[in-house]
Amino acid sequence: MTFNDIFKSSFLENVASVTLLDMLIALVLALGIGMFIFLIYKKTYQGVMYSSSFGTTLVALTMITTVVILAITSNVVLSLGMVGALSIVRFRTVIKEPLDIAFLFWAITVGIVLAAGMIPLAVLGSIFIGIVLLLFVNKKSHRNPYIVVLSCADSTAEAQAKALLEKHVLKSVVKSKTAQKGMIELNMEIRMRNDNTDFINALSDLPGIRSAVLVSYNGEYMG
């Protein structure tokens, strides 16, 4: 028997069977933690349109990853074949929210850790991550940027609106300006002093101001 035969034989016979109890425990925990991830995603979602299918995907992804890792750890040869099979999979769904990537990695990581038998790490780690996300993602402050959209009749009304804004907000910056005959439209980024938005009412009451709109801005910005 050559060395190659011994090498191949040791790999083919290296099969660690997973007991039924271990599989049930891993899958039940994957389902429970997957539901926890789904609830945290639902509580922290700040996008425009909520997708329930993505939340369901997080639960399924946690369980599927657990099953895959359990199969890989039971047989070295199977693990090599699984890597080759998964390498041809292509995902073309666009991730619109950056935070969604964190939830996807969270679900995959939990599945891997559970299948590896590190149950305390998966449970305690998920609880810690969930608390951190709830504290930071849902934290709202009046210092967050807002966009004020003004429709002015002339430059005089524009100057009055800017002067009023400077009295009621910490910072105001013109982001865009559109000038047409008989109308000037301004988009201004502001930082409010507090949660009081009565200055929008005062803006709309100014002579020459046709409309004043305040919009919460959640995109990226330079401080």
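In which helix is S52 found? In this predicted model, S52 belongs to helix 3, which comprises residues 52-74. The relative accessibility of S52 is 48%, so the residue counts as partly exposed, the limit for an exposed residue being over 50%. Between S52 and K42, the C-alpha to C-alpha distance is 8.6 Å, and the two residues are ten apart in sequence.

Aromatic contacts were examined next. A pair of aromatic rings is described by the distance of the centres and the angle of the planes. Across the whole structure, five aromatic pairs were found. One of these is formed by F36 and W106, whose ring centres lie 6.2 Å apart. The planes of F36 and W106 stand at 85 degrees, and the pair is therefore edge-to-face, a class that requires an angle over 60 degrees. With a relative accessible area of 29%, F36 is partly exposed, whereas W106, at 6%, is buried.

A tilted aromatic pair is formed by Y41 and F54, with a distance of 5.0 Å from centre to centre and an angle of 50 degrees between the planes. Because Y41 is located in helix 2 and F54 in helix 3, this pair ties together parts that are 13 residues apart in sequence. Y41 and F54 are both buried.

Terms used. Residues are numbered from 1 along each chain as its sequence is written. This is a predicted model: local features need pLDDT of at least 70, side-chain atom pairs count only at pLDDT 80 or more; totals for chains, interfaces and linings use all residues. Side-chain values use heavy atoms; hydrogens and water are left out. Helices (H or I, at least four residues) and strands (E, at least two) are DSSP runs, numbered from the N terminus. Buried means under 20% relative accessible area, exposed over 50%, partly exposed in between (1.4 Å probe, protein chains only). Rings of Phe, Tyr and Trp (its six-membered ring) pair if their centres lie within 6.5 Å; planes under 30 degrees apart count as stacked, over 60 as edge-to-face and the rest as tilted.
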